[in-house]
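My entries follow in the order I looked things up.

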Amino acid sequence: MATATSMRLPWRAIVRSVTTRPTTQSIKTPPAASIPQPFTRRWASDSASNTPIGNEFASASLERAAATEIEGTAGGAGVDAESHNASTITTTPPSESSPTESPEQPRRETVNPDTVRPPRAVQAAYLRPLRRPATHGLPVCDLQLRSYSVRNLEFFADFCLRAAYYLGLPAFGPIPLPRIVERWTVPKGSFIHKKSQENFERKTLRRLIQIKDGEPETVEVWLAFVKKYAYYGIGMKANVWEFEKVGVGRTMDAEMEQMRSEVEPTLRQFAFKKGSAVEDKVLELINRGDFKAASGGNAPMIRTPTYKLPKN
Amino acid sequence: MSMFRAKRLDLGCFVNVKVIRDHTKRKVFAEHEPERQALRYIIRNLSLPARTRAQAQLQLAQMHCYTRPTQIRNRCIEGGKGRGVLRDFKMTRYNFRMNALAGSIPGVKKAAW
């Protein structure tokens, strides 16, 4: 009999528990004629009234789903099956006992647990993530996940792989990278007593997911998606490689020639960054009265050197 | 030094005279860092006249001690102590231990190997 705990179980488990209900158990008893019709009906209504409301709803909806599935597959075969076919039962729930069922018309159900299966997308969630094969094997993106908890890390790595599959990216991994172990040893007490100490540690777990042969835009979409649904307690970092055509050197040289006017003044400033606060300060200091006086700037016959002139 | 100190309390952690003082020193240092670096540059620049460089040396030596980076000392955010502060957690060893045992520091556990 289906219990309330079956609500927590995955889809297939619920199906199994539904099949063990008395109504459906009667399928396995071979002679259908031996079970009187009102008897099964009463049994079904009893079991439905005993189960909690949420579960009753779930099982009812499941039955309906199963019925539609079977109708699709073996609808032509069952003509008037309740008289001669053992695996068919008409469940006409009495309208006063189970209000959740629709009272308009008796529904014909053929429940065969072997043929019932969840949709493929739902089924895939319980299996290992699907992968796409790489054609060239060129690494395009390395995503590193870090966390202190294995559980979250494994879960999120799985999520990333699934996302990559549905975006059409060939993903490899999760490759477990070496753990980072940090340790601290501190005295137990707040004062002296160095002899009694305590050790603490923090282990950072890492996983690497590598994308091969991906389009740069798709990889960016994947990274954005993964970032959007970032999981708690997990850090991420990505290395992305871009590939150029043959003859990069020539194009880079041409770019350099174009940028020369912008780069040259920067390169001349070897000491500090252009427009930094220090640069302004140096000029300001050097042009200050006391500095000029110190270098004899106020004395006659001494010209102001060019480097001391203010910028504007 | 009171002239550097903020008129209103601008700290959120454990507050103490020494903590406030250290905080003030950090702010003063950050404010005067370009000036210090400029003076250091003038002192080391051999293309400048010796007298200018000597003047810069004097200027640098005369700057307030709060503008020196060496005045800054890491303090415990939980108790304001200046010694035995773990850089990773900004806490004294004892406060670190208490927090680690309570599980407040992510990922830190008692080690056994």
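**Entry: helix crossing.** I started with helix 7 of chain A, which passes helix 8 of chain A in a right-handed crossing. The model is predicted, so I treat every value here as computed from it. I read a packing angle of about 145 degrees for helix 7 (residues 150–166) and helix 8 (residues 216–228) of chain A, and their axes are 10 Å apart. Which residues make the contact? From helix 7 of chain A I listed Cys160(A), Ala163(A) and Ala164(A). From helix 8 of chain A I listed Trp222(A), Phe225(A) and Val226(A). By class I found 6 nonpolar residues in this contact, with no polar and no charged ones.

**Entry: cores.** I next looked up the largest nonpolar core, which has 17 residues. Ala157(A), Cys160(A), Ala164(A), Leu169(A), Ile211(A) and Val219(A) touch the most other members. Strand 3 (139–147), helix 7, strand 5 and helix 8 of chain A each give two or more residues to this core. Helix 7 of chain A gives the most, 5 residues. I then followed Val219(A) beyond its neighbours within four places in sequence. Its contacts there are Val140(A), Cys141(A), Leu169(A), Ile211(A), Gly214(A) and Val240(A).

**Entry: chain A overall.** I counted 11 helices and 6 strands in chain A. Of its 312 residues, 16% are buried. I also checked contacts in chain A between residues at least 6 apart in sequence: 70% of them join residues at least 24 apart.

**Entry: helix 3 of chain B.** In this helix (residues 93–102) I marked Arg93(B), Asn95(B), Phe96(B), Arg97(B) and Ala100(B) as buried. What covers them includes strand 4 (171–187) and strand 5 (197–212) of chain A. Strand 1 (85–86), strand 2 (91–92) and strand 3 (108–110) of chain B are also among the cover. Just after the helix, I read a positive phi of about 80 degrees at Gly103(B).

How values were computed
Residues numbered from 1 in each chain as written. Chains lettered and ligands numbered in written order. Predicted model: local features only at pLDDT ≥ 70, side-chain atom pairs only at ≥ 80, totals over all residues. Axes fitted to C-alpha atoms, helices over the stretch in contact; angles between N-to-C directions. Helix = DSSP H or I, 4+ residues; strand = E, 2+ residues; numbered from the N terminus. Left-handed = near helix turned anticlockwise from the far one by under 90°. Contact = placed C-beta atoms within 7 Å. Nonpolar A, V, L, I, M, F, W, Y, C, P; charged D, E, K, R; others polar. Buried ≥ 20, exposed ≤ 12 C-beta atoms within 10 Å, placed from the backbone. Core = buried A, V, L, I, M, F, W, Y, C linked by C-beta atoms within 7 Å.
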